[in-house]
Amino acid sequence: MSIVFFQCKKEKQLIVNATQQIVEKESVKLDTLKLTKGYGFPVGKPDAKRYYNAQKFQENNHLGDDWNGVGGGNTDLGDPIYAIANGYVSFAKDVKGGWGNIIRIIHHNPDATKVESLYAHCQKLLVNKGDYVTKGTKIATIGTADGAYLAHLHFEIRDQINLPIGPGYSSDIKGYLNPTKYINNNR
């Protein structure tokens, strides 16, 4: 396995919005795109050791995988969450409600496709919007969405970048990929 990096440059652009006001917009310019081949799991790196998938993709119309520690209950509270591949942190904040702290990372694949990984219910965020992370970087810790649930990681992979946070459950899976299947097929 080779690990390589890409460099990102933040640029500020002046644009004119619909009301003819000049506004500043931050964008990311990729100077040099270099990729890592392969994905790992977000817990128990790299193979989810000591974790189980408590609610799989599309079980009860679930749009992700729920990863729990084998000890059950809150025994995994505060355990590390890892970036599944190199990527750019496009979102990292507490959205409250049943989601709590969320991280979204955009990953560029060797075939020029992109996917986005979403990590929800985090106790503590260890990255910020705009950060670049490498595969296996500790990005957060497992939480409870501010006490809404027992500790676990709600994890999604999307092939449509920047979809709304969403409901977490739906029979319409357009834009969502089976996370475990995607990782296993792209190791």
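Trainee: Leaving aside neighbours within four places in sequence, what is Ile 103 in contact with?

Mentor: Val 89, Phe 91, Ala 92, Ser 117, Leu 118, Tyr 119, Leu 125, Val 127, Ile 139 and Ala 140. Contact here means heavy atoms within 4.5 Å.

Trainee: Before we go on, what kind of model is this?

Mentor: A predicted model: local features need pLDDT of at least 70, side-chain atom pairs count only at pLDDT 80 or more, and totals for chains, interfaces and linings use all residues. Residues are numbered from 1 along each chain as its sequence is written, and side-chain values use heavy atoms, with hydrogens and water left out.

Trainee: Back to the core. Which residues touch the most other members of the largest nonpolar core?

Mentor: Ile 103, Tyr 119 and Ile 139, out of 28 residues in that core. A nonpolar core is a set of buried Ala, Val, Leu, Ile, Met, Phe, Trp, Tyr and Cys residues joined through side-chain atoms within 4.5 Å. Buried means under 20% relative accessible area, exposed over 50%, and partly exposed in between, using a 1.4 Å probe and protein chains only.

Trainee: Let's take E6. How many of its residues are buried?

Mentor: Six of eight. The strand covers residues 87–94.

Trainee: And how does E6 pair with E7?

Mentor: Antiparallel, over six bridges, with E7 at residues 101–108. Two strands pair if DSSP finds at least two bridges between them. Lys 93 stands opposite Ile 102 in E7. Six residues lie between the strands of this hairpin, and among them Lys 96 takes a positive phi near 65 degrees.

Trainee: Where does E9 come in?

Mentor: E9 (residues 132–133) runs antiparallel to E6, joined by two bridges. Tyr 88 stands opposite Tyr 132 there.

Trainee: New topic. How many salt bridges are there?

Mentor: Five. The criterion is a side-chain nitrogen of Lys or Arg within 4 Å of a carboxyl oxygen of Asp or Glu.

Trainee: Which residues form the network?

Mentor: Arg 104, Glu 116, Glu 156 and Arg 158. Glu 116 and Arg 104 have their closest N and O atoms 3.1 Å apart. Glu 116 is in strand E8 and Arg 104 in strand E7, so this pair ties together parts 12 residues apart in sequence. Glu 116 also meets Arg 158 in a salt bridge at 3.9 Å, N to O. That link is between strands E8 and E11, 42 residues apart.

Trainee: Are those side chains buried or exposed?

Mentor: Buried. Glu 116 has a relative accessible area of 0%, Arg 158 has 0%, and Arg 104 has 6%.

Trainee: What about Arg 187, which partner does it meet?

Mentor: Asp 47, in a salt bridge of 2.4 Å, N to O. Arg 187 lies in the segment after H2 and Asp 47 in helix H1 (residues 44–48), so the pair ties together parts that are 140 residues apart in sequence. Arg 187 is partly exposed, at 41% relative accessible area.

Trainee: Switching to rings. How many aromatic pairs?

Mentor: Three. Rings of Phe, Tyr and Trp (its six-membered ring) pair if their centres lie within 6.5 Å; planes under 30 degrees apart count as stacked, over 60 as edge-to-face and the rest as tilted.

Trainee: Why is Tyr 39 with Tyr 182 edge-to-face?

Mentor: Because their planes are at 80 degrees, with the centres 5.3 Å apart. Tyr 39 is in the loop between strand E2 (22–32) and H1, and Tyr 182 is in helix H2, so the pair ties together parts 143 residues apart in sequence. Both Tyr 39 and Tyr 182 are buried.

Trainee: And what about Tyr 119 with Phe 155?

Mentor: Tilted: 5.3 Å centre to centre, 50 degrees between the planes. Tyr 119 and Phe 155 are both buried.

How values were computed:
Helix = DSSP H or I, 4+ residues; strand = E, 2+ residues; numbered from the N terminus.
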